[in-house]
Amino acid sequence: MSKFHTLFPQVIYQGSLEGHSKFKEQFASKLITKYKENPTRTRWNKESNSWAIDVSTAGSEELLASINSTIIKWLQHMEYGPIDYNIEAWWNVHKWHMYQQTHTHAGHSSGFVFLCGIYYLQLDEKDNCVVFENVNIKNHPSQLAYFGLPIAHKYYLESTYGSLQFNEGDIALFNPDQPHYVPAAKEEHDGYRISLAFNVSAPFKLIPHQ
């Protein structure tokens, strides 16, 4: 019997964050005000046009608790044992023309980052969401195309652009070594794309299995 094996999946979690309506009312206008007060505060890195600010624990306890409940779903599904971890989070506020180049979250913490995620507090239909790149195929499709053998099969998609859509209120979880980027909006608009990005890190000494 013949069979195609699609080995080594890239695992992405997508779900709706509980309490989203309350969180949008609580945070959206305040974050937009902070952006307007200092729109050049940070640019993330020289290749990107992105504005970010750390999440203050005070006033964010309920939001972080809701995110933590989603993290627990991941841990249970992946059959993790008991583990102590921290959540480091920051807000991104983007106008329509702003973007982030391809990056990962591996090593971006004082501990060991084993999971990261994005929560969309505000997302216009004209905005683009996060795009994940295929870490398994590297340059193979582009090489094939160069030699006149382009492949259109879904196994060889180079990224999730146009194929994986997140909506306002959604939360995504993924591994920290997963390359991803955020394009500018599909077209100009007056709104703001507001997302919360976070790393989940464990201390270097993990709690042993019970």
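A residue is called buried when its relative accessible area is under 20%, exposed when it is over 50%, and partly exposed in between, as found with a 1.4 Å probe and protein chains only. The structure shown here is a predicted model, in which local features need pLDDT of at least 70, side-chain atom pairs count only at pLDDT 80 or more, and totals for chains, interfaces and linings use all residues. Residues are numbered from 1 along each chain as its sequence is written, and side-chain values use heavy atoms, with hydrogens and water left out.

We can begin with the sheet, keeping in mind that helices (H or I, at least four residues) and strands (E, at least two) are DSSP runs numbered from the N terminus, and that two strands pair if DSSP finds at least two bridges between them. Strands of a sheet pair through backbone hydrogen bonds, either parallel or antiparallel. In this model 6 strands make an open sheet with antiparallel pairing, and their order is β1-β7-β5-β9-β3-β2. Because β1 and β2 are at the edges and each has a single partner strand, one side of each is left without a neighbour in the sheet. On average, neighbouring strands of this sheet are turned by 20° against each other, direction ignored, where the axes are lines fitted to C-alpha atoms (for helices over the stretch in contact) and angles run from 0 to 180 degrees between N-to-C directions.

Around β3 the pairing can be followed residue by residue. This strand pairs with β9 in the antiparallel sense over 9 bridges, and β2 and β3 pair in the antiparallel sense over 4 bridges. Asn 92 in β3 is the bridge partner of Ala 52, and Asn 92 also stands opposite Ser 195 in β9. Val 93, for its part, has Ile 194 in β9 as its bridge partner.

Turning to charged side chains, a salt bridge is a side-chain nitrogen of Lys or Arg within 4 Å of a carboxyl oxygen of Asp or Glu, and a search of the whole structure finds 3 of them. In one, Lys 22 and Glu 62 meet at 2.8 Å, N to O, and this pair links helix α1 with helix α2, across 40 residues. In another, the closest N and O atoms of Lys 24 and Glu 168 are 2.8 Å apart, and the pair links helix α1 with the loop between α3 and β7, 144 residues apart. Glu 168 counts as partly exposed because its relative accessibility is 30%. Lys 126 and Glu 187 also form a salt bridge, with their closest N and O atoms 3.9 Å apart; Glu 187 lies in the loop between β8 (180–182) and β9 and Lys 126 in the loop between β5 and β6 (131–132), so the pair ties together parts that are 61 residues apart in sequence.
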